[in-house]
Structures are given as structure tokens and as C-alpha cells.
Protein chains: 2
Amino acid sequence: MSKFGFTLLHTDKNSGARTGILHTPHGDVLTPMFMPVGTLATVKFVSPEELTAMKAGVILSNTYHLWLRPGEQVVKAAGGLHKFMNVDRPILTDSGGFQVFSLADSRKITEEGVTFKNHLNGDTMFLSPEKAIQIQNDLGADIIMSLDECPAYPSTHNYMKASVERTLRWAKRGKEAHQNENQALFGIVQGGDYADLREHCAKALVDMDFPGYSIGGTSVGEDKATLYRMIDHSIVHLPTHKPRYLMGVGSTDAILEGVLRGVDMFDCVLPTRIARHGTLMTSEGRLNIRNAKNEMDFGPIDPQCDCYTCQNYSRAYLRHLIRCDEGLGQRLLSIHNLRFLIKLTEEVRQAINEDRFTEFKDAYFKKHHLNSVNSRGF
Amino acid sequence: MSKFGFTLLHTDKNSGARTGILHTPHGDVLTPMFMPVGTLATVKFVSPEELTAMKAGVILSNTYHLWLRPGEQVVKAAGGLHKFMNVDRPILTDSGGFQVFSLADSRKITEEGVTFKNHLNGDTMFLSPEKAIQIQNDLGADIIMSLDECPAYPSTHNYMKASVERTLRWAKRGKEAHQNENQALFGIVQGGDYADLREHCAKALVDMDFPGYSIGGTSVGEDKATLYRMIDHSIVHLPTHKPRYLMGVGSTDAILEGVLRGVDMFDCVLPTRIARHGTLMTSEGRLNIRNAKNEMDFGPIDPQCDCYTCQNYSRAYLRHLIRCDEGLGQRLLSIHNLRFLIKLTEEVRQAINEDRFTEFKDAYFKKHHLNSVNSRGF
């Protein structure tokens, strides 16, 4: 019997926002949650103990990158990603499709799969639904993804319809190839912002009965209003008793809009990427630590924050580290931004459980001058 | 009354090797010891807690670099280096002289001090004995250094003699300028490998009565046999009840040769610098983690090692991280190499206390094919 499951705890009485528990072979985690991204089997600069201290739930890692380096056979021989990384918490891997469509060159899509040249050495490689499953079986994450096509946005209805049909056939093939009950395989809803295609894709996937569903095609350059429409068009057709994962979305406004609509899981490289360049997420909005005004500021990044960095280091010191391109600076800023988003989801869960999520979201948007159409969040 | 002092615990009955306790305002530390280098107020990638876990004693930081960034006034306003870095252990700063002589351009030495263009933006700067003290007073390390000239090796006897005389006048000026009894100012013995100049310099500094003495000019490209002669020529003239610091030397063979001669303190960027490039110090000698033979090696770097990295990560994972230029890899390898040298000094202290240091050193040299003339250590 599968060790994976989802318990719905509470649905906000005024919105689709909900809290739940995701059960995995590596422990239970609360939703809604933000998942730190560890592309190459490491959240850059951050240790597993630091992930625990920041109360991270699931960690995400990228199949495409690990396929290239170190190769899934190395991770398999190590006993899987958890042992390889020394991480004793749930891990999610994507299918590799998104990177093939965003990083690789000379892509050629056929019914069988995708041929492409990898971005490291240009070698020609081939990814099929079955190959994506085999790699992810070898990596051994708790949650894995079907191979999907991620079409450019916008695409024509004709193109998108054909793409969705292929993604559905790929989902079926992946499901048939996947034989490890300790890994939960999610289907991915595509269809751009075409309501009929999102509906068709979602319903067909639900008919296949996946243990969870992802909403894809949501980080390919569309505006925020379109993103929210994509969620609306997809989520209404998904069962309430299964987890929903909005792929690659992690700005604060999009997280809150996603939660409002019933999304349970989020991930994004944004908080760690901007951290490495000196940009911090705070209760007062974005902060560029390089700014000269921080030179003699011996207070923390954010007095509201309980992270290791804010408890121990000053803005002045962090500014110095980032200006000198010191790895400890990139480490400390990454820890802060991740904890900031994780703490936000803790507050979100509490607000939902107290049936005041819409007030929480409205107050948050008002304070930070966010809106539901085109704000960039922070 | 000064909070600084040195207690000689035991001298090996067959050599000059000795154990002791260095007393500082930030705690007592055992000698002989290896001091991790935190050039820019951070041991690259490594946190203060990790320094504690590896049982680091004193941490070294570089006055020249901190003078340029963030500027000593920022550190002073933070309450000194300890508060700035969040480090609650003894810190040592050098005088800035070595970097002026090795990194900066267009140096011009006069009796007053050194004019130079800094290596960051080419601005003309001036470092005098008094300025070196003022900066170090502002930085607030427990142990600070006199400004000395670091002549090239080899230099003529005439040049070196004039240089030593100037270094002695600078030492006197620095001592007069230094008025903070919470910081112990060390004098630096120079003189190249000229026995008469080392003797003259050491005796003149001892007459000035510093709380500790450094042996300088020892990391400017001389061979190992010359280095050991420099130590011999200097140390015989230094008092037994004061600590001796061999500047910038940290290869295993040189540490053991230094200890044999009565050196108490060592520092070197070598262990962390080579770590960041994938080279590890192990009980079996150097190991290049990038080597293909580590691809499927799921054992630790060194089964003899008790460091965080060896307790938690495999060679295969570390190889992957370093190949991918991941900061976590540089962090984990730095922790290992530092702990390796710190553990070596723990074994050294035990061997001295048991009057078997020469056997310990001989066995170590034999195992690792080291010699007292030209081995490079590891």
C-alpha cells in the first residue's frame, strides 16, 4: 500500500483556500507550503540542517539537471536522492520537461518523446515519458511528475489542443511505466489559458486517477492575470481530496492568489536566486542589501523574522559579505528568503484554519501595494 | 590589567615542542594550534557555529582587506570584529603589511610608512606603523601585529639589514601608538635567512617586551630548508614564556617542523583555498575529489575524520557538488580541511604532553613521504 496520501484539514469558509497534510514515505508536511528548490541535489549554499531549522517541508530537485550530472545511476547507487543529499525529508522531482523546453537546444518533439541537445556539452539526448519515469524512479523522490510538453505562451488553440492531447498520451504512458508505489506520480494540467483545454486536460487526468495534480505552463512568461485564469480554469476540475501543485510560482502575490484558489504546493527559484544577488524579501517589501543605507545599519534584515540570519547577523555585515561576493553571504541571504516564504505559508495556514484567509490576503496586498492583475510580488 | 597571557604547559623532553594555553579576552585556547583564515571577516562559506564544531581556536582576519572593505570604521561602529562577524572566540589580525607587499601596486617605502595603490580600485593609500595600529584598534581583534616590511626572498644582506632596522623602528612606533590593553600586540621577527639579522631583530624586539612574537618573512617563496633555518635563527632568541606565531605557514610538514622548534601558532589560507578547488587533506594524503574514481564512492572523504562533512556526506556527493561548482561543496570541503589540520594539532598536543612528539613527527613524515628539506606537505 502506498505511503502517500493527502488529508484535507480545513477549507476557508470564504474562499477556496485550504489546509491539509501531505503524507509521504519521508514524513508528513503541512499545506499550503512553499518548496525550496535544490536544482542539482542541493539548495545552493544551504545544508539539510538549515532546511530543518527553517521548517522547510518538501524539497524540490530537477530531473533534467541530475540526469546530466551526476547521472541518475550515481544517485540510484547511492540509495536515492535522500541518501545522496543526506536529506531526511520529502523530496519532489520534476519530469525534466520544463528544462528541456527552456534550457536545451534543437528540440524536436515527436509522439515518442523529445530529442534535444543538452545545454552543457551539446550532446543529443532523448527524453520520453518512460525515460522520465525511469530517471525519477532511480532518483527516488517521494513525489514525481509526468513528462509534459510546456508550449510557449501564447500558443494557438490548434497547437495547444494537439499539445494537450500528446501530454495526456504521455501521462498515460508514464503512469503505465511507473511501478514504484513509494513514489507518488502527479499528472500535469496544461492547456495555456484556454478554458476548454484546461478543462479537457484536467478531466482526462482525473479519469486516470493520479494521487496529485500539477498545474503547469504557469511560469513561461504570461502575465499575472493570465496565470490566475490558468489556475481557475484548471483547479475547478480537480478533486478536493488530492493535492494541487502550482509549478514554478513563488512570488508572494502569486502564492496568495494560488492559495485563494485552492493550491496546496508552490516552488520557485526566485527567493534563492535573488538572495544570491543581494535582494531580500522582508515584512516591509524588497530590500537590496547592497544599498549604501545599509552600510552602518547594525539591525537585522527584518525585525519580524525568526530566521538564523536575522537572529545573528546585521545588515551591515551581510552587505559587506555580498559586496565581497562571499559565499557565507549568499548562504545567509538564501536562508532568510526561504524562511520568509515558509513563514508566510505558516501564517497562511493559520489564517485559513481561522476562516480569515481573504482578510489576511487583502491586508497583505494592501500593505505591499499588490494587486490581482499585474503586480510582481516580491 | 591585560586579559592576555600565555601559560606554558609542557615542553617535550626530546625537542623544542611545547604545549600551552593562550589566554585572551575571548577565552583560552590550547597551543600548538592552527588558525583558520577569515580574510574578509568570514572564513569563506563557513559559519561561526561550524568553526566551534570543528574546535577552532583563534580565527585570523586580514587588516588590509578589511581596511578596504568594509572599512575599519564600519567594523568599529559594529562594536568590533567579534560582534560584526558574530564570532565569540579569539581573533587575530595581521598588520596589513604582507598584503601591501604582495597584492598592492606601486609601492614606495619611506621611513614614515608605505605608499601604494590598492588592488581593488588603484586608489593611492598610505600605511604607517601608527595607521596599522589605529586600524587594528578599530577592528578590535584579541591579537594584533606590528607593521613590518616583508622583503622579497632572497634579498641582499645590506638591504635586509636596513629593512630590519626600519621594521624595528616601526615596531617601536607601533608599540607607542597602541594603547588598548585588551589587545595583545606582537612584534614580528624579520631578517630573511641571515642568522645575524634574525638574532638582532629578535633580541631588539624582546628588549621592547611584546606579549608575543611572530616569525615573519616565511611565506615569500623560500624553500622548506630555508624556512626551517629562518625559524631556527629566530626562535632561539625568543623567551619561552611568550607565544610564538609562524606567519602564513600551514602545510602539514611545516607545521610539524615548526612545532618541533617551539612554534605555538600557525595560519594559512592553503586548506580552505585548495578545498574550494576540490583538493582534500586526508590521513592517507591529498585527495582530488574531482577524480573519476570517486564517482561511485559512497564512503566518506576520510574514515579517520570526525568532521561534519565526513560524518554526513559521501565522496560521490561531494564530487558532484564540486564538479557543479556548488557553494555547499566548497563549504563542506572547507570544513573538512580545517578540521583535518585542527585535529592534527590535537594529536600534536597529546604527543607533546606524552613526550613522544619526535616519534609522532617521524612516523607522520614516514607515512606521508615527507622530509625536512623540500617536501611540500599536503
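This is a predicted model: local features need pLDDT of at least 70, side-chain atom pairs count only at pLDDT 80 or more; totals for chains, interfaces and linings use all residues.
Chain A is superposed on chain B by a rotation of 180° with a shift of 0.0 Å along the axis, at an RMSD of 0.0 Å. This is the relation of a two-fold axis. Within chain A, the C-alpha that lies nearest the axis belongs to A:G327, at 3.3 Å. Both copies use the same surface, since 100% of the contact residues of chain A recur in chain B.

The interface involves 36 residues of chain A in contact with 36 residues of chain B. The size of an interface is often expressed as the accessible area lost when the parts come together. For chain A and chain B the area buried between them is about 3100 Å², and 57% of it is on carbon and sulfur atoms. The interface of chain A and chain B is crossed by 4 salt bridges, whereas the count over all chains comes to 50 salt bridges.

Side chains of opposite charge can pair when their charged atoms come close. One pair is formed by A:R331 and B:E50, whose side chains meet in a salt bridge with an N to O distance of 2.8 Å. A:R331 is located in helix 14 of chain A and B:E50 in helix 1 (residues 48-53) of chain B, so this pair joins two chains. A:R331 has a relative accessible area of 2% and is therefore buried. B:E50, with a relative accessible area of 12%, is buried as well. Through shared partners, salt bridges connect A:E50, A:R331, B:E50 and B:R331 into one network.

Further salt bridges are found within chain A. The side chains of A:R339 and A:E346 meet at 2.9 Å, N to O. A:R339 is buried, its relative accessible area being 3%, while A:E346 counts as partly exposed at 22% relative accessibility. A:K343 forms a salt bridge with A:E347, with 3.6 Å between the closest N and O atoms. A:K343 and A:E347 are 4 residues apart in helix 14 of chain A, so about one helical turn separates them. A:E347 has a relative accessibility of 31% and counts as partly exposed.

In chain A, an open sheet is formed by 3 strands in the order 1-2-3, with antiparallel pairing. Its edge strands are strand 1 (5-11) and strand 3 of chain A, each of which pairs on one side only. From one strand to the next the twist averages 15°. Helix 14 of chain A packs on this sheet and touches strand 1, strand 2 and strand 3 of chain A; the helix direction makes about 120° with that of strand 2 of chain A. Strand 2 (residues 18-24) and strand 3 (residues 27-31) of chain A pair in the antiparallel sense over 5 bridges. The two strands are joined by a hairpin through 2 residues. Within this pairing, A:H23 stands opposite A:D28 in strand 3 of chain A.

An open sheet in chain B contains 3 strands in the order 7-8-9, and the pairing is antiparallel. Strand 7 (105-109) and strand 9 (124-127) of chain B are the edge strands, each pairing on one side only. The twist averages 20° from one strand to the next. Strand 8 (residues 114-117) of chain B is joined to strand 9 of chain B by 4 bridges, and the two run antiparallel. B:F116 has B:M125 in strand 9 of chain B as its bridge partner.

Helix 10 (residues 252-260) of chain A is mostly covered, with 8 of its 9 residues buried. Among the buried residues are A:I255, A:L256 and A:V259, together with the charged A:D253 and A:E257. The elements that cover the buried residues of helix 10 of chain A include strand 4 (33-35), helix 9 (224-235), strand 14 (265-267), strand 15 (279-282), helix 14 (327-353) and helix 15 (357-367) of chain A. Just after helix 10 of chain A, A:G262 adopts a positive phi of about 105°.

In helix 6 (residues 129-139) of chain A, the buried residues are A:P129, A:A132, A:I133, A:I135, A:Q136, A:D138 and A:L139. This helix is followed by A:G140, which has a positive phi near 80°.

Terms used. Residues are numbered from 1 along each chain as its sequence is written. Chains are lettered from A and ligands numbered from 1 in the order in which they are written. Side-chain values use heavy atoms; hydrogens and water are left out. Two strands pair if DSSP finds at least two bridges between them. Axes are lines fitted to C-alpha atoms, for helices over the stretch in contact, and angles run from 0 to 180 degrees between N-to-C directions. Copies are superposed by least squares on the C-alpha atoms of residues with pLDDT of at least 70 in both. Contact means heavy atoms within 4.5 Å. Buried means under 20% relative accessible area, exposed over 50%, partly exposed in between (1.4 Å probe, protein chains only). Buried area is the accessible area (1.4 Å probe) that two parts lose on being put together, summed over both.
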